[in-house]
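Have the sequence and the model side by side as you read.

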Amino acid sequence: MGLGETEPPSGSAAGRPDLCFGAFNASVSLNETQRKAITSPWFSTAFGLIGLCSNLFALCVLLSSSRKMSSRARSSFLVFLCGLVVTDFMGLLVTASVIIPYHFIKFDWAEVDPGCHLCNFLGFSMVFFGQCPLLLGATMAGERFFGINHPFSRSTSISKRRAWSIVGLVWGFACVLGLLPVLGLGRYTLQYPSSWCFLTLLPDTGNVIFCLLFALLGIVSVLLSFILNTVSVVTLCRVYHDRESVQRRRDSEVEMMVQLVGIMIIATICWMPLLIFIIQTVLQQLPAPDRVQTLPTETQKMLLIYIRMVTWNQILDPWVYILFRRAVLQRVYPSLRSRPSIVSLYPVLNPSLRRKFTQESVLQ
């Protein structure tokens, strides 16, 4: 998603609840030590640069690997990984391009953005680049599930063009989701400490619906990834331990699943606290006419902490691919050599089918 912290807002940004400046209490009193600890510009700058460099490095490694890859199954998986890395890179780049300059300019949001166009753009970016990795993770889990558990249900693997089309559909879906507040369902508001915009946790019907939609969609994506990856891992364990002799041997399935499980674990640790927090917050303060339209101080601070945790997802994702490549794994674990193919699950085939699927396993 992005980076969210800097100095508290000026008072002029706090009295505009009709637009995007009234979601938090700008007059929260903090001593100087607390204020510097919470709003330090070095967090945004340092972690933004680390994340950008990490994703750029991973993208270069991915592009280099894709040129040498002859396996269609592996190449389609690399397309999904490339889409994930590009999403994380652009998410950090877009959000940091607004947040980091603020540390030097110290502009007043109400004066610079009276129509909330910049805030809406930043809020859209946070939702879009936040939801995309979760959806892509579920998509990758689904592709590997069918590739491992139903290897004969399709004649060929997903082509690169089709894989990019699926990535485009994920981006399009996340884009529609991010545009809902702009179209009237909920709204994006400036968040504590006045350096970033996000969905609004205030108790009115539109905001509650959008918050629940965002959080539940993210939770479903994580749970779906967990279920599909678990089944795929169990299937691979059966393949690699139940049979001794096979026609074809390869370990690309293991490499892909290790990377996919790593991505899932990171997404779960980084995202689930925020998604659960959003649901708890909006359900605890359901819409009521006498509700104060300002988030409690502790809620503001906890939201900032959870957003910082989400930032780690974009930083760690590229290192999953960088560190868990086959070449690196074999240096750490030299006995990780050739493994049985998925074809070994189906030893009883007539000769023509066996030749057909053995040839396809070579292509994959």
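V258 sits in helix α8, residues 252-284 (helices are DSSP runs of H or I, at least four residues, and strands are runs of E, at least two, numbered from the N terminus). With a relative accessible area of 31%, V258 is partly exposed, since buried means under 20%, exposed over 50% and partly exposed in between (1.4 Å probe, protein chains only).

## What you're looking at

This is a predicted model, where local features need pLDDT of at least 70 and side-chain atom pairs pLDDT 80 or more, while totals for chains, interfaces and linings use all residues. Numbering starts from 1 along each chain as its sequence is written, and side-chain values use heavy atoms, with hydrogens and water left out.

## Around L185

L185 is in the loop between α6 (160-183) and β1 (188-191), and counts as partly exposed at 26% relative accessibility. Beyond its neighbours within four places in sequence, L185 is in contact (heavy atoms within 4.5 Å) with L180, G206, I209 and F210. Its C-alpha atom is 9.9 Å from that of C211, 26 residues apart along the chain.

## F214's neighbours

Leaving out residues up to four places away in sequence, F214 touches V127, Q131, L177, F198, L199, W271, L275 and I278.
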